[in-house]
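Welcome! Please take a moment to look over the chain below, and then we will walk through it together.

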Amino acid sequence: MAVCFQFQSPLKPITFPSSPTKKVPIFRCKASFSTTTTTEVEPVFTSVKSFAPATVANLGPGFDFLGAAVDGLGDYVSLSIDSSVSPGHVTISEISGSSKLSPNPLFNCAGIAAIATMKMLNIRSYGLSLKLEKGLPLGSGLGSSAASAAAAVVAVNELFGAKLGVDQLVLAGLESEAKVSGYHADNIAPAVMGGFVLIKSYDPLELKPLIFPQNRDLFFILVSPEFEAPTKKMRAALPAEVGMPHHVWNCSQAGALVASVLEGDVVALGKALSSDIIVEPKRAPLIPGMEAVKKAAIKAGAFGCTISGAGPTAVAVIDNEEKGKEIGQKMVEAFLEEGHLRSVAMVRRLDRVGARLIDSVPI
């Protein structure tokens, strides 16, 4: 018996006090990309600078509905009121860190997201100038497009007094993601919100933060090879049909993954992370050395390892930073020996904050 699934596209660290008795909200957004304010808002700053973190999407069995933000890596957006720009428009004046991105805001992740946010805020009387600083490589599996989009939506929102909620910011970022890599929120949601995020529904969009306990240590070992894996290409490799036993297994492991996050059980998290039998088996052969890298990570002591997003970055988890560095080195060696790819390893914590304002100039 087979169940048909459409893999479609439709549609430094900051610590917060833990509150185990506080109910975690589900963010629901039934708004479209149309204007969400009836009157035009006024700017509260002449310029702002924002940051949005890298993200690890899918987390093994959580294809398109689970993601996490990673501390210390990401993109920056600087935004300013510019009288030389036509009212209601945005121009991209500078891009650093990448020579491949278009400066046309209609074909740029940050530009598309900024325009969507301006539309939500009903901005008609002010022109904006945007500068994008890429800290993430393109096609890396670390949410590069989502980081640009998240930084842009937060910058526009903050410039005009932070009128929009996180659900609306994610929705604006989704417009960018849909045009670049597909309608999936497992990168843009954690990039905006920080931490682990479960996408409960896409229509309407419902987002549920999964709070990893403050008193537990979690480190992501990220190993990025010199190889580009475009998201659209990697999504094309996915199966059109999934057998019922595979479906049941992946669902159970996704549930185990969510439980391990909430309990702060890194060992169980790693085990669930490694358990995908639907998506990873189709994508891993497209990334030279990936299967060997996963084996090397587990052998070296990682609790689990999988592909980050669409790849090619491999992500493993551990609860000790120094041990993580040792594991990362073994993964680098495996990429070189088995995949003939040079790579770079990093050990990073969970980013619990998400996209945020880091500088501003008041009017």
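Let us begin with a cysteine: Cys109 counts as buried because its relative accessibility is 12%, where buried means under 20% relative accessible area, exposed over 50% and partly exposed in between (1.4 Å probe, protein chains only). Cys251, at 44% relative accessibility, counts as partly exposed. A search of the whole structure finds zero disulfides, a disulfide being a pair of cysteine sulfur atoms within 2.5 Å.

A word on what you are viewing: this is a predicted model, in which local features need pLDDT of at least 70 and side-chain atom pairs count only at pLDDT 80 or more, while totals for chains, interfaces and linings use all residues. Residues are numbered from 1 along each chain as its sequence is written, and side-chain values use heavy atoms, with hydrogens and water left out.

Now find strand E5 (residues 90–96) and strand E6 (residues 128–133), which run parallel and are joined by six bridges. Helices (H or I, at least four residues) and strands (E, at least two) are DSSP runs, numbered from the N terminus. Ile92 has Leu130 in E6 as its bridge partner.

Elsewhere, four strands form an open sheet in the order E11-E12-E9-E13, with antiparallel pairing; two strands pair if DSSP finds at least two bridges between them. Strands E11 (304–307) and E13 (343–349) stand at the edges with a single partner strand each, so one side of each is left without a neighbour in the sheet. Within this sheet, five bridges join E9 (residues 219–225) to E12 (residues 314–318), and Val223 stands opposite Ala314 in E12.
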